[in-house]
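Open the model in a viewer and keep the sequence panel beside it. The stops below say what to select and what is there.

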Amino acid sequence: MEELQDITLVCKDCGQPFVWTVGEQEFYQQMGFNNPPVRCKECRDRRKAERNNQNYDNGNY
């Protein structure tokens, strides 16, 4: 099995590079995720907050 290393990826929303750590990669593997993240943590958090606000505004909470 190949040894994991930190990988630098580029966020598809803001275009900034971010590091996908070995620990995050191991978590993805444990969860059964096959693809690396496409957004940095800040953009993922922003999208999650927007979805939560939209659900709240629509009465889905």
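**A pair within helix 2**

Start by selecting aspartate 45 and lysine 41: both are in helix 2, 4 residues apart, which means that about one helical turn separates them. The two form a salt bridge, with 2.8 Å between the closest N and O atoms; the term requires a side-chain nitrogen of Lys or Arg within 4 Å of a carboxyl oxygen of Asp or Glu. Aspartate 45 is partly exposed at 39% relative accessible area, and lysine 41 is partly exposed at 47%. Here buried means under 20% relative accessible area, exposed over 50%, and partly exposed in between, with a 1.4 Å probe and protein chains only.

This is a predicted model, in which local features need pLDDT of at least 70 and side-chain atom pairs count only at pLDDT 80 or more, while totals for chains, interfaces and linings use all residues. Residues are numbered from 1 along each chain as its sequence is written, and side-chain values use heavy atoms, leaving out hydrogens and water.

**A pair between loops**

How many salt bridges does a search of the whole structure find? The search finds 2. For the other stop, select aspartate 13 and arginine 39, whose side chains meet in a salt bridge at 2.8 Å, N to O. This pair links distant parts of the chain, 26 residues apart: aspartate 13 is in the loop between strand 1 (7-10) and strand 2 (17-20), and arginine 39 is in the loop between helix 1 (22-31) and helix 2 (41-57). Is arginine 39 buried or exposed? Arginine 39 is buried, with 14% relative accessible area, whereas aspartate 13 is partly exposed at 42%.

**The whole chain**

Now colour by secondary structure. The protein chain has 2 helices and 2 strands, in the order β-β-α-α along the sequence. These elements are DSSP runs numbered from the N terminus: helices are H or I with at least four residues, strands E with at least two. Of the 61 residues in the protein chain, 16% count as buried. Among contacts between residues at least 6 apart in sequence, 30% join residues at least 24 apart; a contact means heavy atoms within 4.5 Å.

**Last selection**

Show the surface. The protein chain exposes about 5200 Å², of which carbon and sulfur atoms supply 46%; accessible areas come from the Shrake-Rupley method with a 1.4 Å probe, and for residues only the protein chains shown count as cover. End at lysine 48, which lies in helix 2.
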